[in-house]
There are 2 protein chains.
Amino acid sequence: MPDSLQHPLTGSFLAGRMRHEMTSEDRDHLEAMAGECVYLSDREMLARRGKTLTRACLLRDGLMLRTIERGNRRSIVGLCVPGDFVDLQGVALHRLDHDIAAVGNVELVAFDHAAIAQAFETRPALGRALWFASLLDAAIHRRWIQMLEQHDAPRRIAHIYCELHTRLAFTGRAEAGVVRTPFTQFDLAEMCGVSAVHANRAVAKLRDMELAEIRRGTLYAADWDGLKQYAQFDPAYLFGVSAA
Amino acid sequence: MPDSLQHPLTGSFLAGRMRHEMTSEDRDHLEAMAGECVYLSDREMLARRGKTLTRACLLRDGLMLRTIERGNRRSIVGLCVPGDFVDLQGVALHRLDHDIAAVGNVELVAFDHAAIAQAFETRPALGRALWFASLLDAAIHRRWIQMLEQHDAPRRIAHIYCELHTRLAFTGRAEAGVVRTPFTQFDLAEMCGVSAVHANRAVAKLRDMELAEIRRGTLYAADWDGLKQYAQFDPAYLFGVSAA
DNA sequence: CGTTCCCTTGAGTAGTTTCAATACTTGTGG
DNA sequence: CCACAAGTATTGAAACTACTCAAGGGAACG
């Protein structure tokens, strides 16, 4: 029986990464720990910076943003795709250092911190899996730092879509040559640390270079290999099983 | 007996953060797990991207850089201060996504992955502490992403020194108004994602604004509060006990 | 005492921002 | 089905920021 049917709530967790190394008992246990489902619509916040949390949520469908607001300016410091625990930090750090917001409609499932803490005691392998997931997040953050330090705006946008495509593919959600998102150009600007006008020109450059067309958040690749090369995208940092 | 004497090798681990929440048994256990000491001098590499690791190292003295090289350009994506596990990722991810290099002379102590993995099984609280440390790293990465997205070069440099001062203070290594590092302006440029020439002008701007003087890597604050305000430094993301 | 590395400064160029105006989309209500 | 409003995308021009290239100055080390 496929994993996704056996574990309808948690089947995407670490899929394509170390999920295959987890025992079926641990996978069953995680599924059994799942609490209520949470639904949010576009731009709704799941959690805010500084808030104390008592549960952690696994994203089941849709995309979410990690954001930090400062004055009237917002930065997007990370993306969440299905299969990601979006606020796992809260279990150990108790409060969040950033906000978590939906882009488009999203579906999550909640886990009580107490249940996760207990799993840490009784099921070390599950604890390791959660740790692994946190380390993956950090590796992605580092790649973003490098991207912001070295790439210009068009390359940043290209890289973000390449990363998304690979991360979505881990859970079987990728389409060949297409990455569907509800991002506005304003969102892209906030991810890249540039103005909205410049993000627009960056999108136009990708189109002019005949690498990809981005319409209403969705990227249609004209030359997928060329795009990956242009973005200097190397998926090793995502630790997928195929890339290992 | 002070912690630093009782645990000469590991007494700095999570000091000022959740160390006080760890039981003395766990602290003793961590100290007992420590293996051989490692010494590196300026610009020496501890580990390289892609390499498979079998042990993890705790930084005891000196500073280290997390770097990613791409072509002939290097990015600095993070800093390590005493008390940090510099390559803890390797325990769960097996290989590194970045390089780890010394700046100045450093002193580390090594832990076998096998010992850490076993501690994860037998001492869940120690496992949680390691997880906590990883989550802290991720929070710092997120702040860097925001800094790169929103701040200009002088503010980035100011922020890096503010962060360092706070992180060094956790282990009692901070001096009032001074942050000593062996960074060259070239290093600062690689942390900020700007050219070395521009980093020099940024340093000059901090001097002209009478906020701080940076000579041979060491920052002498002329107006520490003004500097923190200019950098928009808010230490909450470092999860220190006083800032909690 | 010179070599080397690091820092500093100037001038021209490229990339990015702001402001402002115009068009395209999508959804809503008449 | 059309008109309108709101949000989103596009374009131009001027100002600004940061980059490269290039040359010169200063400090540390053998």
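**Around DNA strand D**

Q: Which helix gives the most to the surface near DNA strand D?
A: Bear in mind that this model is predicted. Helix H7 (185–192) and helix H8 (196–208) of chain A, together with helix H8 (196–208) of chain B, are the elements that give two or more residues to this surface. With five residues, the one that gives the most is H8(A).

Q: How many residues of the surface near DNA strand D are charged?
A: DNA strand D is surrounded by 15 residues, and Gln185(A), Asp152(B), Val194(B), Ser195(B) and His198(B) are the closest. Seven residues of this surface are nonpolar and five are polar, while the charged ones number three.

Q: Are H6(B) and H7(B) roughly parallel or roughly perpendicular to each other?
A: The axes of helix H6 (residues 153–170) and helix H7 (residues 185–192) of chain B come within 10 Å and cross at roughly 105°. Angles from 65 to 115 degrees count as roughly perpendicular. Therefore H6(B) and H7(B) are, relative to each other, roughly perpendicular.

Q: How many residues of the contact of H6(B) with H7(B) are nonpolar?
A: Ala153(B), Arg156(B), Ile157(B) and Ile160(B) of H6(B) meet Leu188(B), Met191(B) and Cys192(B) of H7(B). One residue of this contact is charged and none is polar, and the nonpolar ones number six.

Technical notes:
Residues are numbered from 1 along each chain as its sequence is written. Chains are lettered from A and ligands numbered from 1 in the order in which they are written. This is a predicted model: local features need pLDDT of at least 70, side-chain atom pairs count only at pLDDT 80 or more; totals for chains, interfaces and linings use all residues. A residue is near a molecule or strand if its C-beta atom, placed from the backbone, lies within 6 Å of it. Helices (H or I, at least four residues) and strands (E, at least two) are DSSP runs, numbered from the N terminus. Ala, Val, Leu, Ile, Met, Phe, Trp, Tyr, Cys and Pro count as nonpolar, Asp, Glu, Lys and Arg as charged, and the others, Gly among them, as polar. Axes are lines fitted to C-alpha atoms, for helices over the stretch in contact, and angles run from 0 to 180 degrees between N-to-C directions. Angles under 35 degrees count as roughly parallel, over 145 as roughly antiparallel, 65 to 115 as roughly perpendicular and the rest as oblique. Two residues are in contact if their C-beta atoms, placed from the backbone, lie within 7 Å.
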